[in-house]
Amino acid sequence: TSILLNTLPSFQINVKIIMNAHEYLKKMSDVHNLLLDYIDEEVNEQEKLNNFLKFFNSHKIVEDKHLITSTIHLLSSIINYHHRATNFFNKIFNIILFLKNEFPQNYSDFEIFEFFKRNKRVILFLIEEKIINLNSLIVSKLNDDNFNEDSIGVYLKPEIERFTNEKNGSFIEIPENIEELRQTEYSDNRLLQLVHDDSIDKFIKYISETNLDLEKEFYPSMFETNLYLSKNHSTFASSLTLIEYAAFFGSIKIFKYLVSQKVKIDSKLWIFAIHGRNAEIIHIIEDKNIEFNEQIRRECLKCSIRCHHNELTNYLLNNYINDSNFVLKQSLKYYNFYFIDYELIDSDIFYELCKRDYFYLATSVINADKNIDINLRTTEEKSKKSNKTEKTVLFVAIEKGNLEIVQFLLENENI
């Protein structure tokens, strides 16, 4: 926080509102749809990419830093949570390369790092493409135990050591084939690679040859890049079974095989299936009447929103649960513009808008409601390990590094 505060005197921005909230949401919804069209396409990839680039250029997105920032937040959320279809990372890298010139013009190395810090493979790409340069602040963050719970510091150990010119003090031995392990998903675990690829014949042969227990649990590798799997996510245990992996990857053939072998199925599988985005797997779980209480339904709805699996969100809303306020809050958190309802943008969510860096929405709210208490303290719980804290919108904007919103708030006479 002190670092961010120290940058404010020299930080200049023209706080001219050039579009209202409705225009902003319409434009970002179009960006969102075109981006997902490209990410999910498996046949006409170039056509979908061209559609995205054409829209981006014709609407002059790159001329508006706030729109660029929102696009990067959206892209980062998709990277972290979306189901990975064919050539997922290549498509992501194409978008990043398209924006390559915009990064140094608008953001510092540390700010770029903060956008993408939750996916180590993307951070590696940014370093390799010299979009970010490691500095002492980034390296310090990478080596911080509180941040490094998904082994990103180990994953990037060669780059860190080149920067520091000394061996990084890690007790984990780095394999000689680290470059291969970082480039090829699950190359360190043949069985999980088969599950990932839904190679049913090879999977059955492997099981037969090794006499493997089908309910054996696996611990994620340090080279795991799926955020759900690479850390001890609150929804999941630290180890996963083969059927959970199959549901997570949407590997329907192997999933059906494991079901036919009577492996254990419990309510936790719902969340994996939502991520796996395979409708047939979801219907199998439904037909088996696996527990689906209110808490699990809410968690599934949250999962579908943050994964940007919008067809599944609609399915859950139409069949199981409907809570517009919950949908709005989760959509804002994960930059899912498809479900951000313009009619619900008001002073009640002003804190969330400042926290999530929605400049146009935040400024629109404060301009529409002159009586808003800009110094109101909002209670939030950062994690299960921390106590509840009260924060003002200015505090949380500084904490999150949302400098444009910080500048806008400081110009308010009531702050």
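Modeller: This is a predicted model. In the second largest pocket, α5 gives the most to the lining, with 3 residues. α5 (88-98) is joined by α13 (190-197), α16 (242-249) and α18 (269-276), and each supplies at least two residues.

Colleague: How many residues line the second largest pocket, and which lie nearest its centre?

Modeller: The lining has 20 residues, and Arg-84, Ala-85, Thr-86, Phe-88 and His-196 lie nearest the centre. About 450 Å³ of space lies in this pocket.

Colleague: How do the residues of that lining divide into nonpolar, polar and charged?

Modeller: There are 10 polar, 5 nonpolar and 5 charged residues.

Colleague: What makes a space a cavity, and how many of 30 Å³ or more does the count give?

Modeller: In a cavity a 1.4 Å probe fits but cannot get out. By this rule there is 1 cavity of 30 Å³ or more. The largest cavity has a volume of about 60 Å³.

Colleague: Which residues line the largest cavity?

Modeller: Tyr-24, His-66, Thr-69, Ser-70, Asp-357, Tyr-358, Phe-359, Tyr-360 and Glu-404 do. α4 (65-81) and α24 (359-368) each give two or more residues, and α4 gives the most, with 3. By class, the lining has 4 nonpolar, 3 polar and 2 charged residues.

Colleague: Why does Leu-403 count as buried?

Modeller: Buried means under 20% relative accessible area. Leu-403 has 8% relative accessibility, so Leu-403 counts as buried. Leu-403 is found in helix α26 (residues 403-410).

Colleague: How far apart are Leu-403 and Phe-359 in sequence and in space?

Modeller: They are 44 residues apart in sequence and 9.9 Å apart in space, C-alpha to C-alpha.

Technical notes: Residues are numbered from 1 along each chain as its sequence is written. This is a predicted model: local features need pLDDT of at least 70, side-chain atom pairs count only at pLDDT 80 or more; totals for chains, interfaces and linings use all residues. Side-chain values use heavy atoms; hydrogens and water are left out. Helices (H or I, at least four residues) and strands (E, at least two) are DSSP runs, numbered from the N terminus. Buried means under 20% relative accessible area, exposed over 50%, partly exposed in between (1.4 Å probe, protein chains only). On a 1 Å grid over the protein atoms alone, a cavity is a set of points where a 1.4 Å probe fits but cannot get out, and a pocket is an open set with protein on both sides within 12 Å along at least five of seven lines; lining residues have an atom within 4 Å of a point. Grid points are joined across faces, edges and corners, and a volume is the space filled by probe spheres set on the points. Ala, Val, Leu, Ile, Met, Phe, Trp, Tyr, Cys and Pro count as nonpolar, Asp, Glu, Lys and Arg as charged, and the others, Gly among them, as polar.
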